[in-house]
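Subject: Structure handover

Hello,

Here is the structure I promised to pass on. Please open it first, then read my notes below.

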Amino acid sequence: MEKNTKRNRVIIGMVIFCLLYILLAFRPLSTELHLVPDWTVNINDLQRSDSSDVSKLIPFRLGQSIGYFTEDGKIASHIPYAFKAAISNKYYATFGADCEEADFFTSDGSKAGTIRVAGFPFFDEDRIYTFLPGGASFASCAGDGSVVWSYESYAPIIAFDSSEGGTVVGFADGNVVSFNKEGKLDQKFAPGGSDFPVVLGVGISEDGETVACISGQNKQRFVIAQKTDSIHSKIIFHEYLPEDTNNQVLVKFNKTGNSVYYNYNGGLGIVDLKKLKSSHVELDGKIIQIEESESDGMLCILSKKNGTYTVTIVEPSDHPAAQFSFEADCAFIQVRGDALYVGRNTTISRMTIERK
């Protein structure tokens with residue numbers, strides 16, 4: 001009787017152990033990322049869209065061509081250019097080497113205005129700028145092309161970024177200068193920390209309160225500074241990079257203002273602005289574009305090494321979830337919702353990002 005009792009206790013104990021193990025070890029199966037091809041179009045196949053909503057037109061630049069296409073794969077416009085061009089979601093312009101003035105147009109092809117000062121136009125969303133002759137000055141323009149405010153420096157402009165909240169510029173002498181949306185100077189500082197002061201990349205947050213940059217040679221570093229009063233700022237984060245680069249780099253805040261991304265020689269840095277901690281994703285080649293999905297916060301990154309382009313999708317957890325490469329002379333990416341658009345030479349393809 002005692003043997004049976006002990007045996008029953010052992011069996012009950014094993015059953016309880018197995019149940020606890022199953023419950024504690026249970027984890028839901030992770031979903032995998034899939035890229036589902038939707039369509040591919042050639043940019044030479046011009047098709048007028050039936051939609052009158054020009055805000056949904058997506059800009060492209062491939063080789064010596066710019067234009068707009070729709071989410072359903074119609075090429076709304078295709079504009080070849082000989083020298084240079086500028087394009088954003090709202091505006092575009094083409095211009096020559098001696099640009100004394102430049103007409104610019106909205107995405108539907110209607111003339112928006114004329115920039116009547118010499119220089120090279122630049123568009124960022126609905127913001128209009130022109131870089132003035134000499135390379136050390138720029139102007140901010142109104143919707144008709146007239147100059148609203150300008151800034152002159154003695155040092156060449158190396159890096160530039162803008163947002164709804166302001167504009168930031170990085171110069172060859174190592175200075176970073178930012179302006180509010182009315183053009184008033186609100187930050188000016190030199191990141192320092194290395195032997196040769198040069199600013200290779202800058203970014204500004206959507207509210208204009210925070211700027212970030214990569215600067216220097218021989219101990220290159222990434223710095224985040226936050227505005228404290230009308231002109232002063234304080235550095236809230238910095239880190240030295242593992243290897244210097246001589247190229248211009250991307251520095252980009254996300255739309256929600258809780259992260260900033262930057263590329264360096266060997267990868268992508270991501271800083272959590274709430275925790276002020278960084279993480280790193282190894283990437284081979286030079287990063288060309290960083291695009292964020294507004295629906296789930298995933299990053300789509302386009303990089304290039306020699307003649308090979310690579311698209312890498314990084315989850316919000318900083319984990320690379322998908323990657324593919326292709327050979328091309330030129331390429332671009334755009335992200336709208338759960339759709340990834342990839343341009344290659346003269347074609348544009350749409351892929352839906354799915355989790356299964």
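A residue counts as buried under 20% relative accessible area, as exposed over 50%, and as partly exposed in between. F122 has 30% relative accessibility, so F122 is partly exposed. Keep in mind that this is a predicted model.

**The chain as a whole**

The chain has 356 residues, and 46% of them count as buried. Its secondary structure comprises one helix and 31 strands. The accessible surface is about 18,300 Å². Carbon and sulfur atoms hold 51% of that surface. Take the contacts between residues at least 6 apart in sequence: 40% of them join residues at least 24 apart.

**Around S162**

S162 sits in strand β13, which covers residues 157-163. Is S162 buried or exposed? Its relative accessibility is 6%, so S162 counts as buried. The side chain of S162 has two polar contacts to look at. One goes to the side chain of D124, at 2.7 Å. Another goes to the side chain of R127, at 2.9 Å. Leaving out residues up to four places away in sequence, S162 touches D124, R127, Y129, T167 and I204.

**Aromatic rings**

The count of aromatic pairs comes to 28. One of them joins F122 and Y129, with ring centres 6.5 Å apart and planes at 35 degrees, so this pair is tilted. Y129, which S162 touches, is buried, with a relative accessible area of 3%.

Now turn to F222 and Y262. Their ring centres are 3.9 Å apart and their planes stand at 15 degrees, so the pair is stacked. F222 lies in strand β19 (residues 221-227) and Y262 in strand β22 (residues 259-264), so the pair ties together parts that are 40 residues apart in sequence. F222 is buried, at 0% relative accessibility. Y262 is buried too, with a relative accessible area of 0%.

There is also an aromatic cluster. Which residues form it? The members are F122, Y129, F131, F138, W149, Y151, F160, F171 and F179.

**V260**

Strand β22 also holds V260. V260 has 0% relative accessibility, so V260 counts as buried. Residues up to four places away in sequence aside, V260 touches A212, F222, I224, V251, K252, F253, G269, I270, V271 and L273. How far apart are V260 and I204 in sequence and in space? They are 56 residues apart in sequence and 9.2 Å apart in space, C-alpha to C-alpha. I204 came up above, as a residue that S162 touches.

Look at the pair β26 and β27. β26 covers residues 299-305 and β27 covers residues 308-314. These strands pair in the antiparallel sense over seven bridges. Which residue in β27 is the bridge partner of I301? T312 is.

Best wishes

Key
Residues numbered from 1 in each chain as written. Predicted model: local features only at pLDDT ≥ 70, side-chain atom pairs only at ≥ 80, totals over all residues. Heavy atoms only, no water. Helix = DSSP H or I, 4+ residues; strand = E, 2+ residues; numbered from the N terminus. Buried < 20%, exposed > 50% of the residue type's maximum accessible area, 1.4 Å probe, protein only. Polar contact = N/O pair within 3.5 Å; in protein donor to acceptor, adjacent residues only side chain to side chain. Contact = heavy atoms within 4.5 Å. Areas by Shrake-Rupley, 256 points an atom, 1.4 Å probe, with all protein chains shown as cover. Pairing = 2+ DSSP bridges. Phe/Tyr/Trp six-rings, centres within 6.5 Å; stacked < 30°, edge-to-face > 60°.
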